[in-house]
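This report describes the fold of one protein chain for a reader who is new to structural work. Please look at the sequence and the structure before reading on.

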Amino acid sequence: MERPTLSDEARQSLEERLRILEEERIPRLENEVTDARDPSTVATLSEARQQAAHLRHALTLAVPLEDAPHDPTIVELGDTVRLRGVGSSTVEEFTLVGELEARLDDTWLSVQSPIGGALLGSRAGEVVEISSPGGRVKYEVMNIERRSRK
């Protein structure tokens, strides 16, 4: 199993999500199950416990992104990339992250997504072609920056 890579910011966010599950949501659901014995509440409690276990496991295995080697000339995990659709003047900015982090922020793209995967290894000035539900789309990589280290 590949060890996930997490930025310090993402680690803090996941730790906060785990804290809320363990200290707030799970105890509340346990009280509801004790009081009502509702099957849907039991299922929700089970799901919350599974989420907490998954987060604990991921946080235990995660490697700090800040410790990973970095080549500033190519798009890598942890880089913030500015893109412009070919033929468009609109510039978009995304940060390439691991699958766990991608769920934390709308501007974070998983490297396992079609766009994230297509951007990996590209360089500023290159045009990448991405398959999307609406067809193939071309983007020019305008700029690559590593997220700031804390």
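Strand S3 (residues 79–85) and strand S7 (residues 135–146) run antiparallel and are joined by seven bridges. Two strands are said to pair if DSSP finds at least two bridges between them. The element names follow DSSP runs, numbered from the N terminus: helices are H or I runs of at least four residues, and strands are E runs of at least two. In general, strands of a sheet pair through backbone hydrogen bonds, in either a parallel or an antiparallel manner.

The model is a predicted one, in which local features need pLDDT of at least 70 and side-chain atom pairs count only at pLDDT 80 or more, while totals for chains, interfaces and linings use all residues. Residues are numbered from 1 along each chain as its sequence is written, and side-chain values use heavy atoms, with hydrogens and water left out.

**The sheet**

Strand S7 also pairs with S6, in the antiparallel sense and over six bridges. S6 and S7 form a hairpin, with two residues between them. The table lists bridge partners found in S7.

| Residue | Partner in S7 |
|---|---|
| Leu-83 | Val-141 |
| Val-127 | Glu-140 |
| Ser-131 | Arg-136 |

These pairings belong to an open sheet of five strands, arranged in the order S5-S4-S3-S7-S6 with mixed pairing. Strand S5 (108–110) and strand S6 (127–132) stand at the edges; each has a single partner strand, so one side of each is left without a neighbour in the sheet. From one strand to the next, the twist averages 45 degrees.

**The helix pair**

How do helix H1 and helix H2 lie relative to each other? The axes of H1 (residues 8–36) and H2 (residues 39–61) come within 9 Å and cross at roughly 155 degrees. H1 is therefore roughly antiparallel to H2. Here, angles under 35 degrees count as roughly parallel, over 145 as roughly antiparallel, 65 to 115 as roughly perpendicular, and the rest as oblique. Axes are lines fitted to C-alpha atoms, for helices over the stretch in contact, and angles run from 0 to 180 degrees between N-to-C directions.

The contact of H1 with H2 contains 12 nonpolar, three polar and nine charged residues. In this classification, Ala, Val, Leu, Ile, Met, Phe, Trp, Tyr, Cys and Pro are nonpolar, Asp, Glu, Lys and Arg are charged, and the others, Gly among them, are polar.

Glu-15 is located in helix H1. The residue Glu-15 is partly exposed, with a relative accessible area of 38%; buried means under 20%, exposed over 50%, and partly exposed in between (1.4 Å probe, protein chains only). Although Glu-15 and Leu-55 are 40 residues apart along the chain, their C-alpha atoms are separated by 7.9 Å.

**The whole chain**

The protein chain has four helices and seven strands. From the N terminus on, its elements run β-α-α-β-β-β-α-β-α-β-β. Its C-alpha atoms fill a box of roughly 60 × 35 × 25 Å, taken along the principal axes. Of the 150 residues in the protein chain, 33% are buried.
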